[in-house]
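I opened this notebook to record what I looked up in one structure.

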Amino acid sequence: MTDSATVTDLISERLIPFPSPHFLSAGDLNPPAALGLLDLADAFVDFNRQSAKSLDLMHGRTVVNIFFENSTRTSSSFEIAAKRLGADVVTMPVSASSVAKGETLIDTAVTLNAMKPDILVIRHASSGAAALLSQKVGCAVVNAGDGRHEHPTQALLDLLSLRRAFGDVGGLTIAICGDIAHSRVARSNVILLSMMGARVRLIGPPTLVPGDADRWGCEVFHDMREGLQGCDVVMMLRLQLERMEGALVPSTREYFRFWGLDREKLAWALPHARVMHPGPMNRGVEIDSDVADDLSVSLIQDQVEMGVAARMAILASLANLRGAAR
């Protein structure tokens with residue numbers, strides 16, 4: 001078992017400045033930077049498994065989490081990550097803020113900026129909201145999900161889970177399945193996984209696959225049996241009914257029949273295939289509980305654990321970048 005001093009030394013050795021002033025898109029990374037962040041996150045995984053989980057890497061820094069959409073995993077993991085790094089953390093409940101009184105995003109940005117935070121973590125229903133905020137504040141901005149655009153920190157934690165499971169993602173065939181059209185997770189994963197040498201496939205009904213998906217550098221399938229042949233990883237996506245306008249699927253029951261992952265469909269992939277899901281899961285809609293809860297194939301709980309470590313790596317690296325610039 002790695003002792004506390006060794007883990008702390010590993011973290012210090014692997015700490016790097018973030019490659020960009022903000023983390024708005026998976027494209028803000030490059031392969032060397034992604035590998036550096038993964039190495040740092042690996043050290044944080046060991047650290048998080050210790051009984052004592054307190055560092056001072058961000059002592060005196062302030063992280064503000066502002067989530068305009070509901071979130072459990074992302075919001076809580078960012079808060080835990082920042083606190084374990086020693087930062088002062090403010091999580092703003094939007095329903096109790098001036099936004100509920102009609103304040104615009106720009107007004108909110110100006111107000112927050114006047115309080116001199118070091119990092120703002122934002123989730124917003126509008127694509128481009130994080131990029132807009134980054135133009136109005138003097139601190140680092142982390143995109144925790146903006147509309148249908150991107151969710152880059154989810155892509156990094158997924159990459160971390162995959163590297164720990166397979167050793168390397170280069171050469172893996174990864175199927176991203178389900179509601180591609182409304183998924184920011186899919187877009188960020190396509191960028192990052194392709195960047196790291198994986199072969200990415202998109203599988204879903206024609207109504208839930210964007211018309212330009214064939215220009216994303218991926219193979220596109222509308223049949224699960226055909227799409228899953230030869231796959232090492234099956235990443236399921238939530239059916240985002242709240243974002244849909246009109247009936248894009250006949251019913252959730254019919255959706256599960258054709259595109260939901262169960263044992264029969266998983267058998268169409270390679271025998272060693274692993275299953276992922278960014279959460280929250282609609283059990284019996286996009287994935288069967290028997291598959292989701294089987295730890296011999298499922299990486300879903302591992303993804304939750306990796307979320308804290310990956311976000312610690314992002315926050316620490318952004319803080320290190322700002323410290324180097326001072």
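The entries below cover annotated sites, a helix contact and aromatic side chains.

**Basis.** I worked from a predicted model, in which local features need pLDDT of at least 70, side-chain atom pairs count only at pLDDT 80 or more, and totals for chains, interfaces and linings use all residues. Residues are numbered from 1 along each chain as its sequence is written, and side-chain values use heavy atoms, with hydrogens and water left out.

**Entry 1: annotated positions.** I looked up the UniProt record, an unreviewed entry, which places the feature "binding site" at Lys 101, Arg 184 and Arg 238. Positions follow the numbering used here, feature names are shortened, and annotations may be inferred rather than shown by experiment. Of these residues, Arg 184 and Arg 238 are included in the lining of the largest pocket. For a pocket I used an open set of points on a 1 Å grid over the protein atoms alone, where a 1.4 Å probe fits, with protein on both sides within 12 Å along at least five of seven lines; lining residues have an atom within 4 Å of a point.

**Entry 2: Arg 184.** I located Arg 184 in helix H7, residues 184-195 (helices are DSSP runs, H or I, of at least four residues, and strands, E, of at least two, numbered from the N terminus). Arg 184 has 10% relative accessibility and therefore counts as buried (under 20% relative accessible area, 1.4 Å probe, protein chains only). Its side chain makes a polar contact with the side chain of Glu 69 at 3.0 Å (N or O atoms within 3.5 Å, one able to donate a hydrogen and the other to accept it; residues adjacent in sequence count only if both atoms are side-chain atoms).

**Entry 3: Arg 238.** I found Arg 238 in the loop between strand E8 (233-236) and helix H9 (252-259). Leaving out residues up to four places away in sequence, Arg 238 touches Asp 179, His 277, Pro 280, Asn 282 and Glu 286 (contact means heavy atoms within 4.5 Å).

**Entry 4: Ser 77.** Ser 77 lies in helix H3, residues 73-84, and is buried because its relative accessible area is 5%. I noted a side-chain polar contact between Ser 77 and Arg 311 at 2.8 Å.

**Entry 5: aromatic side chains.** I counted three aromatic pairs (ring centres of Phe, Tyr and Trp, the last by its six-membered ring, within 6.5 Å; planes under 30 degrees apart are stacked, over 60 edge-to-face, the rest tilted). One of them, Tyr 255 with Trp 259, is tilted, at 6.0 Å centre to centre and 40 degrees between the planes. Both Tyr 255 and Trp 259 are buried.

Conventions
Buried means under 20% relative accessible area, exposed over 50%, partly exposed in between (1.4 Å probe, protein chains only).
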